[in-house]
Amino acid sequence: MPNIVTFDAVGGADVLKVVDAPARDPAPGEVRLSLSSIGLNRAEILYREGLYFQTPQFPGCRIGLEGVGRVDAVGEGVTGINEGDRFVTGPTNTMAQTGVYGQTVTVGAEHLLPDIPQFTDDELAALWVAYLTCYGPFVEIAGLQKGDYVLIAAASSSVGYAGIQIAKALGAHPIATSRTRAKEAALLEAGAEAVIPTDEAADLTAALMEPTGGAGYRLIFDPIGGAIVEPMAAALALNGHYVLYGLLDPNPTVYPTLLSFVKHMHFHTFMVPTQGIADRAMRDKGTAFLARAVANGHLKPKLDRIFELQDVRAAHTYMESNQQNGKIVMRA
């Protein structure tokens, strides 16, 4: 029987366990994948801790949003998909049943994201969730144009590196933040035009404004929230967009009301499962945009470390340490 990862209570990485489970045959409209590579996402840590918008279902709750594999069974009514085809499973609203941490998963065919043949399984596992997280805010919300400045906060994540690449593909100027200078060289090499160490800035807004020559940012792309929102929002250009797509800071996030009047600020929240992928129109436009950008040589997922499925606890612990530069992947 194949291995899958489950957990029976919310908590730390130690609640995760690898167990044997029978592969489920696909029902009508479903396909089954034999998985090879699995992309890790912050959402899975929140889910494991009971802090995600989906509620874990015990016992034997599955986990995982993004897996690459080949079709080994096709349910009734599914057309255009054949055994042996490679796909990525996109986020579903039923992670408890369709979590992709494992060697096999059965999902609705509508949740499959397309193959990019020139990428390895590991690279493909690092593509769609991170890059679609950026596509919606960068293209659909802010409408970034050539010459615009975009601030990419906590930029050493897989989403941060994706944002740098997409900004450059659009002709915009990507400016990165990181807590210290430890990751500065890697971010500059990836294409960031400047890196602002937020913990070292005496005046954060002034430090953020400097690379823009005083113009400010068309888009601030922030997974942190909390106390950093106000000084970052102060660096927006007039009519700029502030997109909050995560809450790494567990402290309350206070909306910068006065700044919103002064800056004519547009404030948004964004979640890729419920907006960038569940919104089929945005998903189709996003995957087409990203496929063109890959073909043009603009996008290449940055991999950090690769773990084996049996080391899932170590993989989660490593992600929580914030040491990574790029995507963490597990091999099934």
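**Second largest pocket**

I began with the second largest pocket, which has a volume of about 190 Å³. For my own record, a pocket here is an open set of points on a 1 Å grid over the protein atoms alone, with protein on both sides within 12 Å along at least five of seven lines, and lining residues have an atom within 4 Å of a point. Grid points are joined across faces, edges and corners, and a volume is the space filled by probe spheres set on the points.

This is a predicted model, where local features need pLDDT of at least 70 and side-chain atom pairs count only at pLDDT 80 or more, while totals for chains, interfaces and linings use all residues. Residues are numbered from 1 along each chain as its sequence is written, and side-chain values use heavy atoms, with hydrogens and water left out.

Which residues line the second largest pocket? I noted Ile4, Ala21, Pro22, Ala23, Arg24, Gly60, Arg62, Ala96, Gln97, Thr104, Val105 and Thr106. The elements giving two or more residues to this lining are α2 (95-98) and β7 (104-108); helices (H or I, at least four residues) and strands (E, at least two) are DSSP runs numbered from the N terminus. β7 has the largest share, three residues. By class I get six nonpolar, four polar and two charged residues, counting Ala, Val, Leu, Ile, Met, Phe, Trp, Tyr, Cys and Pro as nonpolar, Asp, Glu, Lys and Arg as charged, and the others, Gly among them, as polar.

**Largest pocket**

Next I looked up the largest pocket, which holds about 1500 Å³ of space. It is lined by 49 residues, and Arg42, Pro223, Gly246, Leu247 and Leu248 are the closest to its centre. Among the elements that give two or more residues to the lining are α4 (128-141), α5 (158-169) and β16 (327-331). α1 makes the largest contribution, four residues. I also wrote down the classes for this lining: 26 nonpolar, 15 polar and eight charged.

**Helix α4**

I then turned to α4, whose 14 residues reach 18 Å from first C-alpha to last, close to the 20 Å expected at 1.5 Å a residue; the expected span is 1.5 Å times one less than the number of residues. There is a kink of about 30 degrees at Tyr135, shortly before the proline Pro137. The bend is the angle between axes fitted to the seven residues ending at a residue and the seven starting there.

Just after the helix, Gly143 takes a positive phi of about 55 degrees.

**Core**

In the largest nonpolar core, 45 residues in all, Trp128, Phe138 and Phe221 touch the most other members. Such a core is a set of buried Ala, Val, Leu, Ile, Met, Phe, Trp, Tyr and Cys residues joined through side-chain atoms within 4.5 Å. α4 gives the most to this core, with eight residues.

**Cavities**

Last, I searched the whole structure and found two cavities of 30 Å³ or more, a cavity being a set of points where a 1.4 Å probe fits but cannot get out.

Terms used:
Buried < 20%, exposed > 50% of the residue type's maximum accessible area, 1.4 Å probe, protein only.
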